[in-house]
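Dear colleague,

I am handing over the structure below, and my notes on what was found in it follow directly after. Please read them alongside the coordinates.

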Amino acid sequence: MGLLSVAVPFPLVVLLVCATAVLVASLLLAADRAAAARPAAGPGERRRPRPAPHPPPTPHGEPPEGGTLVDGQYTHRKVSTLSIQPIRIFGDPVLRTAAEEVDTFDKELRGLVKDLLDTMRDEGGAGLAAPQLGVSKRVFSFDVDDVIGHIVNPVLEFPDEEEQDGPEGCLSLPGLYFDTVRRQNVVAKGFNEYGDPLQIVGTGLMARCLQHETDHLDGIIFIDRLDTERRKAAMAEIQSQDWYNEDVKVKVTPHDAKGVFFKR
Ligand SMILES: [Zn+2]
């Protein structure tokens with residue numbers, strides 16, 4: 001400041017000092033206001049408890065990441081804004097029930113589509129149909145070679161007779177794959193969650209996915225598509241799984257299955 005007072009005329013020094021004082025005062029005032037805006041933490045207050053970690057896996061089978069096996073089905077906690085739902089396992093009657101057509105495209109339907117997409121991605125599945133979440137409606141999601149989407153009320157068309165034979169699996173039969181004959185080329189016609197018409201042209205894996213998921217909407221599980229010999233071998237393997245339970249009957253569903261998004 002000594003050097004400054006030599007170089008700068010006296011009135012300007014006063015002005016600078018005054019300006020600095022005003023600046024400091026306003027900064028202090030702002031800090032006071034910020035402190036006043038924060039609610040005072042009382043002695044009894046605690047920080048919000050951290051969410052509990054995922055429950056430890058049960059000794060039955062190898063649960064998918066983030067999930068655990070409870071009463072014969074995999075369950076998941078909700079993670080942040082994701083909407084991850086429990087997946088119904090083979091043996092649950094909902095997987096053997098033909099699903100209803102959607103005729104109201106509303107918020108409830110879009111919630112179901114989000115559940116399907118989030119749960120499918122969490123499981124790393126190629127597709128997931130609403131009945132696998134306990135919702136008997138004609139909707140499924142798919143994720144094949146980074147083509148991700150959903151379709152409502154799908155109807156399949158087969159442009160030719162070509163077939164494919166290869167491994168197929170299902171999130172409702174965790175960990176199992178059986179060679180299944182499918183058509184090689186499929187066109188699925190249906191609607192998006194807003195009721196706009198859409199068409200998916202599938203070949204190879206996408207065609208397999210579209211057939212597998214549409215089957216779910218008709219109460220068909222992929223092992224039904226196996227010939228007698230393969231099916232017998234598949235059933236023996238299914239029955240040897242830790243998750244297999246003849247008596248599994250899950251009744252709880254996150255959705256109103258009576259038709260919130262369907263006309264009665
Ligand atoms: Zn499946």
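From the N terminus on, the elements run α-α-β-β-α-β-β-β-β-β-β-β-α-α, which makes 5 helices and 9 strands in the chain; helices (H or I, at least four residues) and strands (E, at least two) are DSSP runs, numbered from the N terminus. Please keep in mind that this is a predicted model, in which local features need pLDDT of at least 70 and side-chain atom pairs count only at pLDDT 80 or more, while totals for chains, interfaces and linings use all residues. Residues are numbered from 1 along each chain as its sequence is written.

Of the 264 residues of the chain, 31% count as buried, a residue being buried if 20 or more other C-beta atoms lie within 10 Å of its own, exposed if 12 or fewer, and partly exposed in between, with C-beta atoms placed from the backbone. Among contacts between residues at least 6 apart in sequence, 64% join residues at least 24 apart, where two residues are in contact if their C-beta atoms, placed from the backbone, lie within 7 Å.

Ala130, leaving aside its neighbours within four places in sequence, is in contact with Ala99, Leu112, Leu116, Val135, Lys137, Val139 and Phe140.

Strand β8 (residues 185–191) runs antiparallel to strand β9 (residues 197–203), to which 7 bridges join it; two strands pair if DSSP finds at least two bridges between them. Gly190 stands opposite Leu198 in β9, and in the hairpin of these strands, which has 5 residues between them, Gly195 takes a positive phi near 90°.

Asp145, which is not a glycine, has a positive phi of about 50° and lies in the loop between β4 and β5; it counts as exposed because it has 10 C-beta neighbours inside 10 Å. Asp146, found in the loop between β4 and β5, has a positive phi near 65°, and it is exposed, with 5 other C-beta atoms within 10 Å.
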